Structure formats: structure tokens, C-alpha cells
Amino acid sequence: MDLYLPIAEMSVNAVVIILLGGGVGFLSGMFGVGGGFLTTPLLIFYGIPPAVAVASSATQITGSSVSGALAYWQRGQIDLKMGGVLVAGGVIGAGLGQIIFRQLQKIGQIDVSINIIYVLFLGVIGGLMLKEALSELRASKAGAAPAARGRRHMPWIAALPGKMRFYKSGLYISPLAPLGLGVIVGILTVIMGIGGGFVMVPAMIYVLGMSASAVVGTSLFQIIFVTAAATLLHATSSKSVDIVLALLLLAGGVAGAQFGVAAAQKLRPEKLRLALALMVLLVAVRLLFGLTVQPAELYTLYGPA
Amino acid sequence: MRRLAALPALWLALCGAAPTVLITDLSQSRIDINTTFKGADLLVFGAIQYPAGTVPDAAPDIAIVVRGPAEPVTVRRKERVAGIWINTEAVRFESVPGFYAVATTRPIDAIADDRITAIYEIGTGNLQLSPASSASEDKTRSFERGLIASKARSGLFAEEPGAVTLTRNVLYRARIAIPSAVPVGEYAAEIHLIDKGRVVASSSTPIIIGKSGFERWIYVMAQEQSLLYGLAAVAAALVAGWIASVVTRRL
């Protein structure tokens, strides 16, 4: 079924886009990640202009995070105070990201920058997850209890001034730390078209030392607001949000996520994490390969914008 | 004296015999881009009206050019830097038609010489793209070839030699394929009648390609009410996500 996208200005096969959303939704339901890091590259690969792919993917993530956030909200697993600080940082970061995005666009390096940032982030995070998953798997095979974590958060975080209490997160730290984290994720949200959950969640656990019960809910909470801010920024400056594309992805993604959650119940969590780590690394390697192999066409055209 | 004597003859030739005229029509003068738009086939057809109705025995040539609105385009070339392919040099072209297709009766180099095809911009290689750079001729040429190849790959530049059918040297027609990724705006179908390498008649017919209905509404909103559009996009995403969570909990 062909459908013309009003902003991307091209005809796409609606079924393919819904299936793409569904496939990513399946993985995100299974692993508990937003999946933006897969959606954006896949859309670009399909032929959607990168600016439209990044902007519309942010819109889609807003929608797909709602149901998860609502579920965590009902269980009281969102730290609103922490979330508020992260959102504040995220909005600042989104503004900064927009400036960086425009500059890179102006000098014609946006595509390669998006790819390099993807390779770096996916490579580092995938590598860390793989290491962790492998040692977990080894520990569970040996029958030993998982090693208790030593210190709660990084020493330099404890040294920051102006400490505040975050009850649900079980933290007494300076709000500057989550604010800074929010800024970084906000920049990434705008440039890469991701929710940033795969950066945010590990950073909350390993850098801030938040208690695990509040991590995912609070991360989803901030993702909703920051991707909404990113949507508004893209809509007003580059006018590249394709609402039809976002809703198609959303339709597939919501359905796919249900199957993903069901599939996750049948698998062991260590194996799931191992699979996620491998998948993240695979995307990184594929993108790195794309950067280093001579492209079929050396000349690229850029419109007047 | 001799030249003076030739003048009346020239005058007679100019107004005595009516010039050859091209009559043109299009299958549609407006192409609407709606939700199901996946490209269109534009049929350009018409007749050649010869002076005094004398149809020649030798077939003339016809070139049909359909072109869209021009816009500036920056072409960048990738080079390997530290193992990674990144954009390095750039050349800006000031007037690149968003769409250009030419259909002819025979290969372009067979119907007229380079001078004529350059003047009438017949053929993708003959477009005056107005490069705006201090780069050398060679470099500009290679960037221009890159631009044309890239446009051709996306179906926005096309050359179709032999695509014009001429019936009894009077009626002509050609189909021009318009891809779905075509830019909107005012287009023109230019028809040139070429006889023995000379353009003897030309005509130009306007075509409008525009979004209609829902597509147009969304596009206009995104352009003119961008903040409202952004808020609506966020609201739509939130509502869709909320509905999904309600529906799935019921299941």
C-alpha cells in the first residue's frame, strides 16, 4: 500500500514502514529500550531524508514511551524530582543540540557526524553491556550470587556542590550531576533522533548510582519530555517532522512491543542482555563499515536549506 | 544594390508564408499530489501545422523538455580522510531544475549540433546550472557530472532518446515519467521542432504540480504554523501512545 508522506515528499510503502516500526517495537518491548537508535538508521537506509528521519523518529518515541511511563507511574516508580532535573537538562541540551545540528548541516558534515556519533556510542555501550552480560552469564553458570556493587556512584559526583535529596532514587547528590547528564542526552536526542534510554539507563545506574526500581520509569518520563521538546525544535526550525511517518511507525511499534514483552517472559534475563549487547554492537559495526567502505556515489546533493 | 534587391524577397518569405506552428496539449495541466500519489505519467501530445498544409516527406525531429522550478544546490564530494569517507570539497550551482526530462525522436547528438542543443538546453549535459565558485573548469565539470548522475538516479533527470513518436510527420506524442519524489511548483513543457539541425518552431505549455487535500493541509500547516504543527504532532503522539496502552491492557 503506497502512501505519500507530506513532509518527506516521497511515496513509501506503508506496510514496510509499519513492519519496520513493529520490528523495532518488538526489540524494544523485549529489551526495554526505546529503539530510536535502530529506527533512524533504518529510515535513512529506506531513503527517507536524514533530517526527516531524525525529527519524525523523535516524535514516534514520544508516543511509544507514554504507555511504558504510565505503567511505571501507576506503580510509583518514577522519581519526579529527579525526572524534573533531567528534563530541565534535557531541554537545555535539546537547544544546544539544535545549534550544533544547524552548524553541521551548514558545513555539510551532518550525515557523517551522525554516523560517527552512533558508532562511538553504540560501540562503547554495546561493549560495556557485552562485558557485563558475559560475566553475569559466567557467574550464574558457576552458581555464585552476583557480586555486590561497591561504591554507589563515582567519587567526582559526590564532590559536586549543593546536594539535594532524591527520595525515590535513594540519592543525596548535587542536582548538577543529573542536570549534566540531561544536557548530554538532550543533545543526542536532537542530533541522533533517539530517546537516549540506552545512554540514560546505564548512566543512571553506574554514574549516578540510582536505585534500580526508579531507573527505567524516570528515564521514560524524561524521554517523553525531551523528545517532545526535540519535536517542537525540529518542527519550528527545520520543519522536518513528518506526522504521518511518525504515526505509521507508532502503529507498528506499539503492536510489536506487545509481542516483544511476551517473548521476553520466555527468555532468561542474562541471555536477553547478551542478545541486546550483540545487537547494539552489530549496528555499530555495520555503521562503521559504511563509513570506511568507498561509497557507490561520491557526490551528494544538498538543497538550499 | 544586390542586397537591396534581395529585401523584397525576404519580406515575402517572412509574411507570405505562415510559419510552422506547434500545437500542444497535455494529458493533465495540473498534477495533484495526494495521499496515494506514487508518481505520474504525463502525456505530451500535439500536431505540427505546416505552412500551407504541405507535409514534408522527410521526418523532422521533435524534442520535448519538461522542467520544474530551479533552485540552488550544493554538491559535495566525499574523500577518504583517516580511513573514513567524509564530504570535503563543495561546489554550489545556482539554478538547478528540480526536475528535467527530455524526450526526443532520435539521439540528441543526431538531431542538432552542440551549439543548438546548448542554446535550447536539450539534454541533461546541456543545462546551464550556473556554478558559483572559483573552482577550475575541470573540477566544476566533474561536480556537474556528479550532480547529473545523482539526479538521474533518483529519476529527477531523464533523457529518453526515441521516446517521441511521430505519426505521419504531423502528430507527435511522448510519455514523461514523473517520480513520486518530484518537487512541487510551476513546470513547463517545451516542445522544439527541429529540421535539418535548426529549430524551426517552439511552444511552451505550463503545468502545475502541487499537493492537494490532506497532504497540502499538513504541508501548509508545517510551513506556516510550525509551532502549532509541532504541538499537534506531540499531542497526536501522546494520544496514540495512551490509546495503545489502554487497548493493550484490555486485551
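Select Gly155(B): just after helix 4 of chain B, this glycine takes a positive phi of about 80°. Helices here are DSSP runs of H or I with at least four residues, strands are runs of E with at least two, and both are numbered from the N terminus. You're looking at a predicted model, where local features need pLDDT of at least 70, side-chain atom pairs count only at pLDDT 80 or more, and totals for chains, interfaces and linings use all residues. Residues are numbered from 1 along each chain as its sequence is written, while chains are lettered from A and ligands numbered from 1 in the order in which they are written.

Now step back into helix 4 of chain B (137–153).

Which residues of helix 4 of chain B are buried? Pick Phe143(B), Glu144(B), Leu147(B), Ile148(B) and Lys151(B). Viewed down the helix axis, the buried residues fall within an arc of 140°, so they line one face of helix 4; the arc is that of the directions from the axis to the C-beta atoms. Here "buried" means 20 or more other C-beta atoms within 10 Å of a residue's own, "exposed" means 12 or fewer, and "partly exposed" is in between, with C-beta atoms placed from the backbone. As a reminder, an α-helix has 3.6 residues a turn, so residues three or four places apart point the same way.

Draw a distance from Arg145(B) to Gly125(B): 8.0 Å, C-alpha to C-alpha, for residues 20 apart in sequence.

What covers the buried residues of helix 4 of chain B? The cover includes strand 5 of chain A, along with strand 5, strand 6 and strand 8 (157–161) of chain B.

Follow strand 5 of chain A (residues 299–302) next: four bridges join this strand to strand 5 of chain B, and the two run antiparallel. (Strands pair if DSSP finds at least two bridges between them.) Click Leu301(A), and its bridge partner in strand 5 of chain B is Val75(B).

Time to colour the whole interface. On chain B, 49 residues are in contact with 45 residues of chain A, a contact being two C-beta atoms, placed from the backbone, within 7 Å. Elements giving two or more residues to chain B's side include strand 5 (70–81), strand 6 (84–97) and helix 5 (213–224). Helix 6 of chain B gives the most, with 16 residues. By type, chain B's side divides into 26 nonpolar, 16 polar and seven charged residues; Ala, Val, Leu, Ile, Met, Phe, Trp, Tyr, Cys and Pro count as nonpolar, Asp, Glu, Lys and Arg as charged, and the others, Gly among them, as polar.

Glu121(B), with phi near 50°, lies in the loop between helix 3 (114–119) and helix 4 of chain B. Over in chain A, Glu9(A) has phi near 55° and lies in the loop between strand 1 (2–5) and strand 2 (10–13).
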